[in-house]
Amino acid sequence: MTVLLLAGSGEAKKIAWGLVGQGVKAIASLAGATRDPDPLPFPTRIGGFGGAEEFTAFLKDAGITAVIDATHPFAVRITDRTAAICGAQGMPYLQVLRPAWEAGVGDRWTMIADASAAQSVIPTDATVFLATGRQTLEQFAGLEGRRVICRQIDPPTAPFPFEGGEFAIGRPPFSVAREEELFKALGIDWLVVKNAGGVASATKLTAARILGIKVAMIERPPMSDAQRVETPAAALEWLAAL
Ligand SMILES: NC(=O)c1ccc[n+]([C@@H]2O[C@H](COP(=O)([O-])OP(=O)(O)OC[C@H]3O[C@@H](n4cnc5c(N)ncnc54)[C@H](OP(=O)(O)O)[C@@H]3O)[C@@H](O)[C@H]2O)c1
């Protein structure tokens, strides 16, 4: 068996080490979005495959016999395409998708469908913290006029794409205390978050609740039907049962 692990999430790292523990031969794949990513414990290819045909050829050439998709919950293009190609080929495919976050007591969330809706709920005099990453920053151009701070892992290579913006550099994980300190220092009154789910990155939501900061929560994009589990442990069980 040779497993292709589509990586790009914390779950992928856990699955990778689990595969090593099970003695399973695997190849990991990263999109190449993060410079200097944490190394995975087996051969890792970096960069897009170049499209559906190229991906199909890769599966054949690399002798892949099962695919575990542990990409980010918002990475729907790679997930939908891979699920469709594997489905058509009868290739075992599993998506690992952590549960979405749900608002609790004290949370001040406004649910929005996508990035473009943020401007309609966030007032023009707000100081906004975008915890949504560099890749989708341009989609928030409608927030121009507010003070907007976008956090990204790597130092910027280009200027902020619209007026009033600045970058904050930080590599996760972030503790609740560190998030609180940062939001207070920056005077944040709105946070924009993708509903990625998970424990590690929920610290910003806890900090927002403590500080009474409002959250514009981007709902998950719709996804096609596929076999899925919620945890790395369940993914490893699925594989062991193949
Ligand atoms: N979207 C987010 O909010 C987010 C947050 C954190 C991490 N990430 C990670 O960043 C990567 C890109 O995210 P995205 O939202 O741009 O994905 P996407 O829109 O679903 O995919 C765009 C293209 O990126 C390439 N790609 C994505 N994941 C790949 C992987 N693991 N290995 C090889 N190629 C991959 C594919 O290119 P080709 O068509 O050339 O094959 C795909 O068509 C994902 O791996 C995801 O897990 C995304």
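In this predicted model, strand 4 (residues 66-69) and strand 5 (residues 93-96) run parallel and are joined by three bridges. Within this pair, V67 stands opposite Y93 of strand 5. Both strands belong to an open sheet of six strands, arranged in the order 3-2-1-4-5-12 with parallel pairing. Strands of a sheet pair through backbone hydrogen bonds, in either a parallel or an antiparallel manner.

Parallel pairing is also found among strands 7, 8 and 9. Strand 7 (residues 127-130) pairs with strand 8 (residues 147-152) over four bridges, and T127 has R147 of strand 8 as its bridge partner. Strand 8 in turn pairs with strand 9 (residues 165-169) over five bridges; here the bridge partner of Q152 is I169 in strand 9.

| Strand pair | Sense | Bridges |
|---|---|---|
| Strand 4 (66-69) and strand 5 (93-96) | parallel | three bridges |
| Strand 7 (127-130) and strand 8 (147-152) | parallel | four bridges |
| Strand 8 (147-152) and strand 9 (165-169) | parallel | five bridges |

From C-alpha to C-alpha, G47 and V105 are 41 Å apart in space, and they are 58 residues apart in sequence.

As a whole, the protein has seven helices and 12 strands. The C-alpha atoms fill a box of roughly 55 × 35 × 30 Å along the principal axes. The radius of gyration is 19 Å; a compact globule with 242 residues would have a value near 18 Å, so the two agree. Buried residues make up 31% of the 242 residues. Of the contacts with a separation of 6 or more, 64% are between residues 24 or more positions apart.

The protein is divided into domain 1 (2-98 + 222-240) and domain 2 (109-218). Taken over C-alpha atoms, the centres of domain 1 and domain 2 are separated by 28 Å. Eight residues from domain 1 and eight residues from domain 2 take part in the contact. On the side of domain 1 that touches domain 2, three residues are nonpolar, three are polar and two are charged.

The ligand lies between domain 1 and domain 2, because both give residues to the shell around it. There are 23 residues around the ligand, of which G8, G48, T71, A75 and R77 come nearest. Strand 2 (25-30) and helix 3 (76-89) are the elements that give two or more residues to this shell. Helix 3 gives the most, with three residues. By class, the shell around the ligand consists of 11 nonpolar, 10 polar and two charged residues.

How values were computed: Residues are numbered from 1 along each chain as its sequence is written. This is a predicted model: local features need pLDDT of at least 70, side-chain atom pairs count only at pLDDT 80 or more; totals for chains, interfaces and linings use all residues. A residue is near a molecule or strand if its C-beta atom, placed from the backbone, lies within 6 Å of it. Ala, Val, Leu, Ile, Met, Phe, Trp, Tyr, Cys and Pro count as nonpolar, Asp, Glu, Lys and Arg as charged, and the others, Gly among them, as polar. Domain bounds come from an automatic or database domain assignment. Two strands pair if DSSP finds at least two bridges between them. Two residues are in contact if their C-beta atoms, placed from the backbone, lie within 7 Å. The radius of gyration is taken over C-alpha atoms; the globule rule is 2.2 Å times the number of residues to the power 0.38. A residue is buried if 20 or more other C-beta atoms lie within 10 Å of its own, exposed if 12 or fewer, and partly exposed in between; C-beta atoms are placed from the backbone.
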